Amino acid sequence: MLTKRHLLLALLPLSSPLLAEETEAGCAPIIQASQAKFSAPAFHDTMFESASAKTPSGEFIKLGEKAWMKADKGWMSIPTTLLSKMQNFDAAGFGMHNCKSLESGARTVYGWDLNVGGKVYAGSTLTVNTDGLPMKTDTGNGAYILTTYTNIAAPTGAQ
(Lines give C-alpha, C1' and ligand atoms only; values in the text may rest on other atoms or scores of the structure.)
Protein backbone atom coordinates (compact mmCIF):
# COMPACT_ATOMS: atom_id res chain seq x y z
CA MET A 1 0.00 0.00 0.00
CA LEU A 2 1.27 3.49 -0.85
CA THR A 3 1.91 5.35 2.37
CA LYS A 4 2.29 9.05 3.04
CA ARG A 5 5.95 8.37 3.87
CA HIS A 6 6.56 6.79 0.46
CA LEU A 7 4.87 9.70 -1.28
CA LEU A 8 6.88 12.14 0.82
CA LEU A 9 10.14 10.38 0.02
CA ALA A 10 9.26 10.24 -3.65
CA LEU A 11 8.47 13.91 -3.80
CA LEU A 12 10.86 15.21 -1.17
CA PRO A 13 13.65 16.44 -3.43
CA LEU A 14 11.22 18.77 -5.22
CA SER A 15 11.65 22.39 -4.30
CA SER A 16 11.71 25.98 -5.29
CA PRO A 17 15.01 27.31 -6.69
CA LEU A 18 15.67 28.93 -3.30
CA LEU A 19 16.03 25.55 -1.62
CA ALA A 20 19.46 24.98 -3.08
CA GLU A 21 20.65 27.97 -1.05
CA GLU A 22 18.96 26.73 2.15
CA THR A 23 20.24 23.14 2.14
CA GLU A 24 23.61 21.50 1.89
CA ALA A 25 25.34 22.07 -1.45
CA GLY A 26 25.41 18.31 -2.04
CA CYS A 27 21.60 18.27 -2.15
CA ALA A 28 21.42 20.56 -5.21
CA PRO A 29 21.86 17.79 -7.85
CA ILE A 30 19.11 15.71 -6.21
CA ILE A 31 16.76 18.68 -6.18
CA GLN A 32 17.61 19.60 -9.78
CA ALA A 33 16.95 16.05 -11.00
CA SER A 34 13.59 16.00 -9.26
CA GLN A 35 12.68 19.38 -10.72
CA ALA A 36 13.61 18.01 -14.17
CA LYS A 37 11.28 15.07 -13.56
CA PHE A 38 8.29 17.30 -12.84
CA SER A 39 9.23 19.57 -15.76
CA ALA A 40 9.14 16.61 -18.16
CA PRO A 41 6.02 16.47 -20.35
CA ALA A 42 5.05 13.15 -18.77
CA PHE A 43 6.25 10.57 -16.28
CA HIS A 44 4.97 7.46 -14.52
CA ASP A 45 6.14 6.48 -11.03
CA THR A 46 5.57 2.86 -10.02
CA MET A 47 6.09 2.21 -6.29
CA PHE A 48 6.99 -1.11 -4.68
CA GLU A 49 7.01 -1.95 -0.95
CA SER A 50 10.15 -4.11 -1.15
CA ALA A 51 12.72 -5.56 -3.52
CA SER A 52 10.74 -8.82 -3.59
CA ALA A 53 7.36 -7.18 -4.32
CA LYS A 54 5.84 -8.40 -7.59
CA THR A 55 2.96 -5.91 -7.80
CA PRO A 56 3.07 -2.15 -7.31
CA SER A 57 1.81 -0.66 -4.06
CA GLY A 58 1.04 2.65 -5.76
CA GLU A 59 1.46 4.68 -8.91
CA PHE A 60 1.65 8.33 -9.91
CA ILE A 61 1.21 9.62 -13.46
CA LYS A 62 1.82 13.15 -14.72
CA LEU A 63 0.70 13.84 -18.28
CA GLY A 64 0.96 17.49 -19.29
CA GLU A 65 -0.90 19.56 -16.72
CA LYS A 66 -2.86 16.58 -15.35
CA ALA A 67 -1.84 14.01 -12.76
CA TRP A 68 -3.30 10.91 -11.12
CA MET A 69 -2.36 8.77 -8.15
CA LYS A 70 -3.26 5.15 -7.50
CA ALA A 71 -3.25 4.02 -3.91
CA ASP A 72 -5.33 1.31 -2.31
CA LYS A 73 -8.20 0.51 -4.68
CA GLY A 74 -8.21 2.92 -7.57
CA TRP A 75 -7.02 5.98 -9.41
CA MET A 76 -7.76 9.48 -8.25
CA SER A 77 -7.19 12.74 -10.07
CA ILE A 78 -4.70 15.16 -8.55
CA PRO A 79 -6.03 18.74 -8.59
CA THR A 80 -3.94 21.15 -10.66
CA THR A 81 -3.23 23.24 -7.54
CA LEU A 82 -1.82 20.20 -5.71
CA LEU A 83 0.32 19.28 -8.73
CA SER A 84 1.68 22.83 -8.71
CA LYS A 85 2.51 22.51 -4.99
CA MET A 86 4.27 19.20 -5.66
CA GLN A 87 6.32 20.88 -8.37
CA ASN A 88 7.36 23.62 -5.93
CA PHE A 89 7.71 21.50 -2.79
CA ASP A 90 10.10 23.02 -0.25
CA ALA A 91 12.07 20.23 1.45
CA ALA A 92 13.99 22.57 3.77
CA GLY A 93 11.64 21.85 6.68
CA PHE A 94 12.17 18.10 6.32
CA GLY A 95 15.83 18.05 7.26
CA MET A 96 17.33 16.75 4.02
CA HIS A 97 21.02 16.27 4.84
CA ASN A 98 24.13 14.13 4.21
CA CYS A 99 23.53 14.52 0.47
CA LYS A 100 26.32 13.08 -1.63
CA SER A 101 27.16 11.43 -4.93
CA LEU A 102 27.59 7.70 -4.40
CA GLU A 103 28.35 6.58 -7.98
CA SER A 104 28.86 8.25 -11.33
CA GLY A 105 29.20 7.04 -14.88
CA ALA A 106 26.39 6.09 -17.27
CA ARG A 107 24.10 6.76 -14.31
CA THR A 108 24.69 8.80 -11.21
CA VAL A 109 23.46 7.68 -7.80
CA TYR A 110 22.94 10.25 -5.06
CA GLY A 111 22.24 9.52 -1.42
CA TRP A 112 20.69 11.52 1.41
CA ASP A 113 19.17 11.23 4.86
CA LEU A 114 16.14 12.96 6.36
CA ASN A 115 15.39 14.25 9.80
CA VAL A 116 11.62 14.57 10.13
CA GLY A 117 10.19 15.57 13.48
CA GLY A 118 13.26 14.26 15.28
CA LYS A 119 13.17 10.88 13.50
CA VAL A 120 16.01 10.09 11.11
CA TYR A 121 15.31 8.26 7.84
CA ALA A 122 18.67 7.17 6.48
CA GLY A 123 19.78 5.74 3.19
CA SER A 124 17.50 7.21 0.53
CA THR A 125 19.04 7.11 -2.95
CA LEU A 126 18.19 8.56 -6.34
CA THR A 127 19.51 7.08 -9.59
CA VAL A 128 19.72 9.63 -12.42
CA ASN A 129 20.28 8.90 -16.13
CA THR A 130 22.80 10.86 -18.21
CA ASP A 131 19.89 13.04 -19.43
CA GLY A 132 19.46 14.31 -15.84
CA LEU A 133 16.13 12.54 -15.25
CA PRO A 134 15.55 10.32 -12.21
CA MET A 135 14.86 6.68 -12.96
CA LYS A 136 14.83 5.05 -9.51
CA THR A 137 14.33 6.23 -5.95
CA ASP A 138 15.10 3.92 -3.03
CA THR A 139 13.48 5.03 0.22
CA GLY A 140 16.10 3.49 2.49
CA ASN A 141 13.72 0.94 4.02
CA GLY A 142 13.52 -1.47 1.07
CA ALA A 143 10.72 0.29 -0.81
CA TYR A 144 11.53 1.81 -4.18
CA ILE A 145 10.02 3.82 -7.02
CA LEU A 146 10.72 3.31 -10.74
CA THR A 147 10.15 6.29 -13.05
CA THR A 148 9.55 6.11 -16.80
CA TYR A 149 9.09 8.96 -19.28
CA THR A 150 7.95 7.32 -22.53
CA ASN A 151 4.67 5.77 -23.65
CA ILE A 152 2.79 7.46 -20.81
CA ALA A 153 -1.00 7.46 -20.98
CA ALA A 154 -3.78 8.55 -18.65
CA PRO A 155 -5.05 5.71 -16.48
CA THR A 156 -8.02 3.82 -17.89
CA GLY A 157 -11.23 5.52 -16.77
CA ALA A 158 -9.39 8.58 -15.39
CA GLN A 159 -10.99 11.96 -15.76
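**Close-up views of a predicted model**

T108 sits in strand β6 (residues 107-116); strands (E, at least two residues) and helices (H or I, at least four) are DSSP runs, numbered from the N terminus. This is a predicted model, where local features need pLDDT of at least 70 and side-chain atom pairs count only at pLDDT 80 or more, while totals for chains, interfaces and linings use all residues. Residues are numbered from 1 along each chain as its sequence is written, and side-chain values use heavy atoms, with hydrogens and water left out.

**View 1. T108 and its contacts.** With 18% relative accessibility, T108 counts as buried (buried is under 20% relative accessible area, exposed over 50%, partly exposed in between; 1.4 Å probe, protein chains only). Skip the neighbours within four places in sequence, and T108 touches S101, E103, L126, T127 and V128 (contact means heavy atoms within 4.5 Å).

**View 2. The disulfide of C27 and C99.** A search of the whole structure turns up one disulfide, meaning a pair of cysteine sulfur atoms within 2.5 Å. Here the sulfur atoms of C27 and C99 are 1.9 Å apart. C27 lies in the loop between α2 (19-22) and α3 (28-39) and C99 in strand β5 (residues 97-103), so the pair ties together parts 72 residues apart in sequence. The S-S torsion is about 75°, so this disulfide is right-handed. Both C27 and C99 are buried.

**View 3. Positive phi at N98.** Most residues other than glycine have a negative phi. N98, in strand β5, has a phi near 55°. Its relative accessibility is 36%, so N98 counts as partly exposed.

**View 4. Positive phi at N151.** N151 isn't a glycine, yet its phi is about 55°. Look for N151 in the segment after β9 (144-148), where N151 is exposed, with a relative accessible area of 80%.
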